[in-house]
Amino acid sequence: MKAVMRRSTKAHDVGLMDIPEPSAGPGQLKLKVAYGGICSSDAHVLEMDLPASPRFQPPVVVGHEGVGYVAEIGPGVTGFAVGDLVAAETTFACCGVCEFCRRGDTGMCRSGRKSLGWSANGYWAEYILVNALFSHKLAPHVNAKGAAVLEPFTCGVKSILQRVKVNPGDIAVIWGPGPIGLGVVQMAKLAGARVVVVGTEHSRPRLEVAKKVGAYRTLVSGVDDVVAEIKAMTGGYGAQLCSDAAGSQTTFKEAIACVRRQGTVLMMTGPFNKPLELHTFEVLEKEVAILFAEGTNPHSWNTAVKLLDAGLVDLDSLVSDVFPLEQWEEGVAKTRRHEGMKILLRP
Ligand SMILES: [Zn+2]
Ligand SMILES: [Zn+2]
């Protein structure tokens with residue numbers, strides 16, 4: 001079968017290859033991939049400009065986001081039928097006995113965890129093997145394209161429901177109107193917040209999508225006075241929640257300036273290979289809580305799937321392009337340029 005393989009840890013040692021089609025082992029499902037998503041972290045993995053991680057074990061098929069139809073059911077698996085639309089969590093295996101696993105925080109397991117696209121073969125192939133324990137069957141009416149965006153959406157679910165507290169009527173400000181940011185937007189809105197999305201001139205088309213999926217207002221950095229606008233919207237107090245899904249020094253600084261006293265700054269990303277500068281007096285005086293959120297866990301998947309099945313979130317609007325798997329390089333280049341929104345590959 002066709003698959004995009006990361007062959008080694010060398011930069012750009014990635015290519016479309018023909019590899020043997022797998023078959024489902026005990027506890028596994030074999031999915032015929034409908035779509036594999038391109039994440040901006042995939043662009044980093046291709047460049048190898050991320051800090052070294054033991055989680056990354058090439059040779060491996062790329063792609064931790066995606067969705068597929070059950071093609072084969074491994075021994076011992078119940079609750080799935082051939083043809084079901086299924087999205088699997090990134091966790092392929094975890095130790096099951098550490099404190100994190102035992103409380104359902106499998107994404108935090110750091111002992112023997114294997115994840116799709118990093119240490120277990122991912123979605124950028126015709127077929128994928130997934131662990132039935134971490135697989136979610138979707139309602140028959142769900143659109144496979146939107147379902148392919150479940151993984152980044154679950155990051156927003158986890159961050160809003162498990163990392164911070166949002167109260168009805170709060171103002172939440174999100175920097176970075178990409179797929180992750182717009183997942184946070186939809187979850188903060190469901191939690192009752194009025195959500196302001198901040199982008200750049202380059203991201204104006206994405207800000208239009210932000211409005212479509214529920215942003216109360218959008219602001220453009222460098223054109224609008226973001227800090228003054230947020231202060232004006234909040235009676236001078238600042239926002240209860242500022243979430244940075246862009247992760248630059250500039251957006252981080254703006255988030256700190258916009259947050260109210262005792263408010264929360266939630267970081268969804270960061271400049272991976274350099275430190276962030278922080279004026280400690282400013283955050284000390286305001287008693288700002290700075291939190292980080294990465295990845296997902298089964299709880300956030302349960303919620304995300306319920307919301308998608310019930311039509312309470314719009315993930316279809318987050319998909320801008322579908323490329324054939326053969327054109328994966330084009331899709332990655334467009335993702336790296338921050339053009340479009342979520343770009344999917346179709347094997
Ligand atoms: Zn991702
Ligand atoms: Zn564990």
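A residue counts as buried here if 20 or more other C-beta atoms lie within 10 Å of its own, with C-beta atoms placed from the backbone. Please keep that in mind as I take you through this model, which is a predicted one.

By that criterion, helix α4 is mostly covered, with 11 of its 14 residues buried. The buried residues are Leu150, Glu151, Pro152, Phe153, Thr154, Cys155, Gly156, Val157, Lys158, Ser159 and Ile160. The length of α4, residues 150–163, can also be checked: at 1.5 Å a residue its 14 residues should span 20 Å, and the end C-alpha atoms are 19 Å apart, which agrees.

I turn now to the sheet. Six strands form an open sheet with parallel pairing, in the order β13-β12-β11-β14-β15-β16. Strands β13 (217–220) and β16 (289–292) stand at the edges with a single partner strand each, so one side of each has no neighbour in the sheet. From one strand to the next, the twist averages 20 degrees. Helix α8, residues 249–258, packs on this sheet and touches β11, β14 and β15. The direction of α8 makes about 175 degrees with that of β14.

Finally, a helix pair. Helix α1 (residues 40–47) packs against helix α11 (residues 328–336) at an angle of about 110 degrees, with the axes 9 Å apart. Angles of 65 to 115 degrees count as roughly perpendicular, and α1 is therefore roughly perpendicular to α11. The crossing is left-handed. At the contact, Ser40, Asp42, Ala43 and Leu46 of α1 meet Val332, Thr335 and Arg336 of α11.

Key: Residues numbered from 1 in each chain as written. Chains lettered and ligands numbered in written order. Predicted model: local features only at pLDDT ≥ 70, side-chain atom pairs only at ≥ 80, totals over all residues. Pairing = 2+ DSSP bridges. Helix = DSSP H or I, 4+ residues; strand = E, 2+ residues; numbered from the N terminus. Axes fitted to C-alpha atoms, helices over the stretch in contact; angles between N-to-C directions. Contact = placed C-beta atoms within 7 Å. Expected span 1.5 Å × (residues − 1). Buried ≥ 20, exposed ≤ 12 C-beta atoms within 10 Å, placed from the backbone. Parallel < 35°, antiparallel > 145°, perpendicular 65-115°, else oblique. Left-handed = near helix turned anticlockwise from the far one by under 90°.
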